[in-house]
Structures are given as structure tokens and as C-alpha cells.
Amino acid sequence: KEKVRKLPVWIEKNYGVFSFLCIVTGWLPYLICFLPGSVAYDGYRQLNMAFGIEQISNHHPWLITMFIGLFMALGRHISDNFGVFLVVTVFFILEALCYAGVCSKLKKWEAPDIICIGTIIYFAIVPSFGAYAQVVIKDGLFSAVFALYIAYYIECFLLKRQGALKNSDVYKQMLWIFVLSFLVCITRN
């Protein structure tokens, strides 16, 4: 009986990790089915821009294009397919971390369990999240970072409304919002 009770306690203490594991588990079939990953038209153009084949334009965010190119170049030391796999894996993990962060914020705000679990299930099984996570493209990462940014933005208002925002917390919260807003900007043109 103790083992049955330990899991919910572990989940409560490690809700972000639990969310991440659930989301990754829901997305793994997409990653496995499309190994090493898919390269959409926009991702192909970003790779061409990163390698100087195509002139860089404002259609794609410059910094993300360079990161895609960096991971691809690192992976190409083994093979082109491994390069694609490396880009997809890094973006896959970053996107799952962002959505797990959103789920963790909901738990921190003491949202009803049905909302918390429903949000994890939503991010884990809605095909657009898992399908975008296995594609070399900027849009999946932008959506994930934007969702996390909105969660921190909402939290700032919730804490202010509750009167729980101390001066030291304000600076910490503003720093997170600044960092996330910067990431939103560099993941979108």
C-alpha cells in the first residue's frame, strides 16, 4: 500500500518533471515514426540560410536559424540524418520543457486537478504539439516559448492581485519575463 501512495506524493513534489515525462511520452511516437525527423520547407530554407546557400532574410529569425545550422553542422560530422536528429532532439526537449513549465505554473497556482491533468493530457496528445516537435522548423519552439511567457505574465498579475509579490519577487519575476520576452522575439521574426 505504501508504494501506491508514494507515486502521488512524488508527483506533487515533482510536478514539472512529471509533466515533462508525460508530454515526452505522448510525443515519442511522432519522434520514433519520423526518425531522424522531418524537414519542412521553412526548415529547409533555414538550413540553406545557415549554410550560406540562400541569402538570409527576415522571413526566418536569424538567431534560431544560426542555432539550427550549428546543431546541423555538429550532427553532420556523423551524417546528415544525425544532424537532423540533433536539431529535432534539441527542439523536442526545449518545447517539452516549456509546456511542462506551463503545467507546473498551473499546479503552483493551485488550479483544480482536472485543469492540471487536462493540460498535461492536452499538450501530450494533441497531434499538433507532438508533430511539430519532430520537425526542423521555428514555429514549434516559438509556440512553446510564447506559452511559457504568457504563463509567467499571468503569474505576475496573480501574485500582484494576491498581494504576495514582494520587492525581491518583483525583480525575479521581471527578470523571467524579460528573458522569456527576449526568447519570444528571437524565435519569431
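1. Helix 2 bends by about 40 degrees at Trp-27, and a proline, Pro-29, follows within four residues of that point. This is a predicted model, and the remarks below should be read with that in mind. Helix 2 runs over residues 15–33; it has 19 residues and reaches 28 Å from its first C-alpha to its last, which is close to the 27 Å expected at 1.5 Å a residue.

2. Which residues of helix 2 are buried? They are Tyr-15, Phe-18, Ser-19, Ile-23, Val-24, Trp-27 and Leu-31. An α-helix has 3.6 residues a turn, so residues three or four places apart point the same way. Val-17, which is also found in helix 2, counts as partly exposed because its relative accessibility is 42%. Together with Trp-10 and Leu-21, Val-17 makes a nonpolar surface patch of about 260 Å².

3. The largest nonpolar core has 43 residues, and those with the most contacts inside it are Tyr-15, Ile-23, Trp-27, Ile-68, Tyr-99 and Phe-123. Two or more residues are given to this core by each of helix 2, helix 4 (62–75), helix 5 (80–108), helix 6 (113–125), helix 7 (127–133), helix 8 (138–162) and helix 9 (167–186). Helix 5 supplies the largest share, 12 residues. In soluble globular proteins, nonpolar side chains tend to be buried together.

4. A search of the whole structure finds eight salt bridges. One of them joins the side chains of Lys-138 and Asp-42, at 3.5 Å from N to O. Because Lys-138 lies in helix 8 and Asp-42 in helix 3 (residues 41–50), this pair ties together parts that are 96 residues apart in sequence. Lys-138 is buried, since its relative accessible area is 4%.

5. In a further salt bridge, the side chains of Arg-188 and Asp-139 meet at 2.7 Å, N to O. Arg-188 lies in the segment after helix 9 and Asp-139 in helix 8, so the contact ties together parts that are 49 residues apart in sequence. With a relative accessibility of 34%, Arg-188 counts as partly exposed.

6. Glu-54 and Arg-45 also meet through their side chains in a salt bridge, at 2.7 Å from N to O. Arg-45 is buried, with a relative accessible area of 19%, a value to be read against the cut-off of under 20% for that class, whereas Glu-54 counts as partly exposed at 24%. Separately, Glu-12, Lys-107 and Asp-113 are linked in a network of salt bridges.

7. Leu-70 has its place in helix 4 and, at 44% relative accessibility, counts as partly exposed.

8. Most residues other than glycine have a negative phi, and most peptide bonds are trans. The peptide bond from Leu-35 to Pro-36, however, is cis, with omega near 5 degrees, and Pro-36 sits in the loop between helix 2 and strand 1 (38–39). Glu-110 has a positive phi of about 60 degrees although it is not a glycine. Glu-110 is found in the loop between helix 5 and helix 6, where it counts as exposed because its relative accessibility is 71%.

Conventions:
Residues are numbered from 1 along each chain as its sequence is written. This is a predicted model: local features need pLDDT of at least 70, side-chain atom pairs count only at pLDDT 80 or more; totals for chains, interfaces and linings use all residues. Side-chain values use heavy atoms; hydrogens and water are left out. Patches are made of residues with over 30% relative accessible area and no salt bridge: like charges are joined within 9 Å, nonpolar side chains (Val, Leu, Ile, Met, Phe, Trp, Tyr) within 5 Å. Accessible areas come from the Shrake-Rupley method with a 1.4 Å probe; for residues, only the protein chains shown count as cover. A salt bridge is a side-chain nitrogen of Lys or Arg within 4 Å of a carboxyl oxygen of Asp or Glu. Buried means under 20% relative accessible area, exposed over 50%, partly exposed in between (1.4 Å probe, protein chains only). The expected span of a helix is 1.5 Å times one less than its number of residues. The bend at a residue is the angle between axes fitted to the seven residues ending there and the seven starting there. A nonpolar core is a set of buried Ala, Val, Leu, Ile, Met, Phe, Trp, Tyr and Cys residues joined through side-chain atoms within 4.5 Å.
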